[in-house]
Amino acid sequence: MKTARVIILATIAALTLLAATPGLSQILPTGEVSPDPYTYPNTLKGSTSTQQFRLTNTSSRSFLDLYVFSVSVPDRTNFVIANDACTGKTLKYQQYCTLDLNFIPSEVGHYATTLSFIDLSRKIIDTAAIDGIGVAPAVFLSQTSVDFG
């Protein structure tokens, strides 16, 4: 196990060094998230609205594989990742993966977050700006007659 850990750490260090080297960014794998930005439709407080997001390997070279180490969203209370087919996946050139992001507003109001896809070197591959509005249920009043007589 120690050998495997050393190899993984060496790989992460090498990828981090390559990413920081000027001119080498053209030969590093890249990805693109869509849709970006995305605004959820007005959603009732406590209800769920779902949107599928896609990460595509858009590398400039066909031999560059893109490894998705993790996916994150800072506001995990109101935005919940579901059906994640990206984390731990290696994407070949032009391949894509998808995940669903549920918007479940806990209160009435505006919410905003960022969906981030992260590679093995802990570098952000790409992000999507996301927002939505939690709304209260509509109240309808109707006139009724009450006969007390």
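Analyst: Buried means under 20% relative accessible area, exposed over 50%, and partly exposed in between, with a 1.4 Å probe and protein chains only. The model is predicted, so local features need pLDDT of at least 70 and side-chain atom pairs pLDDT 80 or more, while totals for chains, interfaces and linings use all residues. Residues are numbered from 1 along each chain as its sequence is written, and side-chain values use heavy atoms, without hydrogens and water.

User: How do you know that Asp75 has no salt bridge?

Analyst: A salt bridge needs a side-chain nitrogen of Lys or Arg within 4 Å of a carboxyl oxygen of Asp or Glu. Asp75 is buried, and the nearest side chain of opposite charge, Arg76, is 8.2 Å away; Lys and Arg count as positive, Asp and Glu as negative, and His and the chain ends are not counted. Therefore no salt bridge is assigned to Asp75.

User: What does the side chain of Asp75 reach?

Analyst: The side chain of Asp75 reaches the backbone nitrogen of Thr77 at 3.1 Å.

User: Why is Asn83 called exposed?

Analyst: Asn83 has 57% relative accessibility, so Asn83 counts as exposed. Its phi is positive, about 50°, although Asn83 is not a glycine.

User: What makes Arg122 exposed?

Analyst: The relative accessible area of Arg122 is 52%, and therefore Arg122 is exposed. Phi of Arg122 is also positive, near 70°. Most residues other than glycine have a negative phi, and most peptide bonds are trans.

Methods: Polar contact = N/O pair within 3.5 Å; in protein donor to acceptor, adjacent residues only side chain to side chain.
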